[in-house]
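Here's a quick briefing to read with the model open in your viewer. Have a look at the fold, then come back for the details.

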Amino acid sequence: MKTTSRAAAPRRLPPEERERSILDGAVALASESGLEALTVRAVAARVGVTPALVAHYRPVMESFVAEVFTAIVAAERDEVIAAYDDAVDLRANLLRLIETLLDDSRDDVAMVWVQSWALGARNEALGARVRAEMDLWHSALEDLIARAIAEDPALRVDAGSSAWMLLAMVDGMSAHSLVHWAPRDRADLARRTLSAVLDVPVEAPTIPLSLETTPLAESHR
């Protein structure tokens, strides 16, 4: 008797496991191809279920994209911050952190960040998550720097602005590297930037009195 084979139907899973499998599949897809690759059909194909099942668990794709973004970048932040070693000085810790984030092996996360800034301009759910994650990164770095300052009074830097400068450098260099426009030695530039951030005290700029009332000064307020 001749028999025909049929493709195996997706195994029935409890709702919690199915929901987790859909999120994990979407995270893997975004890590490989970026947030722009996330569609109902693409996620369904990745997980091996029907598009209707994906839509059932995640009916609003904009919110799902934001959720996937958060899962990817939060995992990296937790990993990198957890590697901070209190037994090592601030400069060594921050240099290790920066070099880790700029490593070529993390270009997948860099792609997710870069696409999130663009897509977040029209996807409000994603935009809100991007702002929240950037705030969390800044707060984490500010806290690490502030702790080091408390232990070493010789560190005359502002923790908040130092965190902003370091994040701006990492974000810029990561974005540039995606199109292969970056210094040949990114680690060397990271060391130079870190040295400038930590060695120069932050002081309020002195504005000559004569400039305060000029039309040029007024036009830039």
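This is a predicted model: local features need pLDDT of at least 70, side-chain atom pairs count only at pLDDT 80 or more; totals for chains, interfaces and linings use all residues.

Residues are numbered from 1 along each chain as its sequence is written, and side-chain values use heavy atoms, with hydrogens and water left out.

**Overall fold**

- The protein has ten helices and zero strands; helices (H or I, at least four residues) and strands (E, at least two) are DSSP runs, numbered from the N terminus.
- Buried residues make up 35% of the 221 residues, where buried means under 20% relative accessible area, exposed means over 50% and partly exposed is in between (1.4 Å probe, protein chains only).
- Take the contacts between residues at least 6 apart in sequence: 65% of them join residues at least 24 apart. Contact here means heavy atoms within 4.5 Å.

**The nonpolar core**

- The largest nonpolar core holds 54 residues, and the members touching the most others are Leu 35, Leu 38, Val 43, Val 68 and Ile 98. Helix α4 (residues 61-82) supplies the largest share of this core, with nine residues.
- A nonpolar core is a set of buried Ala, Val, Leu, Ile, Met, Phe, Trp, Tyr and Cys residues joined through side-chain atoms within 4.5 Å.
- Once neighbours within four places in sequence are set aside, the contacts of Leu 35 are Ala 30, Val 65, Val 68, Phe 69, Val 112, Gln 115, Ser 116, Leu 119 and Leu 126.
- Ile 98 sits in helix α5 (residues 90-102) and counts as buried because its relative accessibility is 2%.
- With neighbours within four places in sequence left out, Ile 98 is in contact with Leu 166, Met 169, Val 170, Ala 190 and Leu 194.

**α4 with α7**

- The axes of α4 and α7 come within 8 Å and cross at roughly 10°. That angle makes α4 roughly parallel to α7.
- For these pairs, axes are lines fitted to C-alpha atoms, for helices over the stretch in contact, and angles run from 0 to 180 degrees between N-to-C directions. Angles under 35 degrees count as roughly parallel, over 145 as roughly antiparallel, 65 to 115 as roughly perpendicular and the rest as oblique.
- By class, the contact of α4 with α7 has 14 nonpolar, two polar and five charged residues.
- Ala, Val, Leu, Ile, Met, Phe, Trp, Tyr, Cys and Pro count as nonpolar, Asp, Glu, Lys and Arg as charged, and the others, Gly among them, as polar.
- Ala 132 belongs to helix α7 (residues 124-151) and is partly exposed, at 37% relative accessible area.

**α5 with α7**

- α5 and α7 pack at about 160°, with axes 10 Å apart, and are therefore roughly antiparallel.
- Leu 90, Leu 94, Leu 97 and Leu 101 of α5 make this contact with Trp 137, Leu 141, Leu 144, Ile 145 and Ala 148 of α7. The tally by class is nine nonpolar, no polar and no charged.

- α8 and α9 pack at an angle of about 165°, and their axes are 10 Å apart. They are therefore roughly antiparallel to each other.
- The contact brings Ser 162, Met 165, Leu 166, Met 169, Met 173 and Ser 177 of α8 together with Arg 186, Leu 189, Ala 190, Thr 193, Leu 194 and Val 197 of α9. Its residues comprise eight nonpolar, three polar and one charged.
- Ser 162, in helix α8, is buried at 1% relative accessible area. Not counting residues up to four places away in sequence, Ser 162 touches Ile 145, Val 157 and Val 197.
- His 180 lies in the loop between α8 (159-178) and α9 (186-199). It has a positive phi of about 60° although it is not a glycine, and at 75% relative accessibility His 180 counts as exposed.
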